[in-house]
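The entries below follow the order in which I looked things up.

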Amino acid sequence: MSPFTGSAARTSDWEHLRVRLTDGVATVTLARPDRLNALTFGAYADLRDLLAELSRERSVRALVLAGEGRGFCSGGDVDEIIGATLSMDTAQLLDFNRMTGQVVRALRECPFPVVAAVHGVAAGAGAVLALAADFRVAGPSARFAFLFTRVGLSGGDMGAAYLLPRIVGLGHATRLLMLGEPVRAPEAERIGLISELTQEGGTDRAAQELARRLADGPALAYAQTKALLTAELDMPLAASVELDASTQALLMNGEDYAEFHAAFTEKRPPKWRGR
C-alpha cells in the first residue's frame with residue numbers, strides 16, 4: 001500500500017477496537033467480551049480502516065490480532081448484523097459483503113506479518129479473520145468453525161473458499177466449509193490450520209513473542225515474502241520465478257542485504273532497518 005496520505009488526519013481513537021503500539025508491534029484487540037467479541041458493522045469498518053492507516057504509516061513491523069475475554073471472535077453479531085441485513089436491499093447487502101471482504105484483503109495485503117492469537121472460539125467471520133492472518137497461534141481450548149452454511153449462506157464467505165483450501169487442502173476445506181463442524185486445536189494443528197499450538201493460557205504471550213521476533217527481523221524481506229506468497233497463489237511457475245527474480249534484484253540493492261554481509265564479516269548480529 002502506498003505510504004502517501006491525503007488531507008485526512010490519523011485516527012486518534014478507535015471506537016470498536018483496542019489498539020496498542022509498542023516498538024513496532026501493534027496489538028489489535030476485539031473488545032466485546034460480553035458478546036464473545038461478535039463483530040458489528042462498526043468493528044468491520046474499523047478493522048478495514050485501521051489496517052489501511054497502519055500500512056500507510058509504515059511504523060508497524062508486526063501485528064497481533066487478539067480477542068478479549070473467553071474467546072477470540074464468535075463471528076458476526078446475530079442481532080446487529082444478521083438481524084439488520086434481513087431488512088437491507090441487494091445494493092446494501094452487496095456493500096456490506098464487500099466491506100467484510102475488504103477486511104480480509106487488508107489483512108493479506110498489509111506490508112507486515114499478522115499473528116492471530118486464538119483462544120476459545122473462532123467462529124464464522126472470526127474463523128476467517130484468523131485464516132487471513134499469516135500465523136495462527138492457538139491454545140488447547142481453541143476451536144474453529146466456519147458456520148456460514150449453518151445460517152443458510154455459502155461457505156465461501158469473505159474469501160474462505162480461496163484461503164482455506166490453500167492452507168489445509170481441498171478435502172479438509174470442503175468438509176469444514178460445507179458442514180460447519182467445529183475443529184478443535186489438536187485436529188487444527190494436524191491439518192495445518194494452526195501455526196503454533198501453545199500451553200493453556202500461553203497463547204497471548206506466544207503470539208507477542210512471535211510478533212517481537214518478526215518486528216526485530218528484516219521487515220522489507222518479510223513484506224516482500226508475504227506479497228509473493230499471496231500473488232503467486234494464482235500464477236504459473238514461469239511468471240512466479242520471473243517475479244521472484246525481479247523482487248530479489250530490488251532487495252539486493254537494499255541496505256539490509258548489505259548489512260547482512262557486513263554483519264557476517266564482522267561476526268555480529270545484523271541491524272535490520274527494513275530498507
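Which residues do ring pairs link into a cluster? I note that the model is a predicted one. I found that Phe41, Tyr44 and Phe96 are joined into a cluster through ring pairs.

I then located the two partners along the chain. Tyr44 belongs to helix α1 (residues 41-57) and Phe96 to helix α3 (residues 90-109), so their pair ties together parts 52 residues apart in sequence. I also checked accessibility: both Tyr44 and Phe96 are buried.

**Entry: charge over a ring.** I looked next at Arg166. Its charged end sits over the ring of Tyr162, at 3.8 Å from the ring centre.

**Entry: Pro111.** I placed Pro111 in the loop between α3 and β4 (114-118). Is Pro111 buried, exposed or partly exposed? I list Pro111 as partly exposed because its relative accessible area is 24%, and the buried class requires a value under 20%.

I looked up the contacts of Pro111, leaving out residues up to four places away in sequence. Pro111 touches Ser55, Arg58 and Ala223. I also took the C-alpha to C-alpha distance between Pro111 and Glu57: they are 11 Å apart in space and 54 residues apart in sequence.

How values were computed. Residues numbered from 1 in each chain as written. Predicted model: local features only at pLDDT ≥ 70, side-chain atom pairs only at ≥ 80, totals over all residues. Heavy atoms only, no water. Helix = DSSP H or I, 4+ residues; strand = E, 2+ residues; numbered from the N terminus. Buried < 20%, exposed > 50% of the residue type's maximum accessible area, 1.4 Å probe, protein only. Phe/Tyr/Trp six-rings, centres within 6.5 Å; stacked < 30°, edge-to-face > 60°. Lys NZ or Arg CZ within 6 Å of the ring centre and 35° of its normal. Contact = heavy atoms within 4.5 Å.
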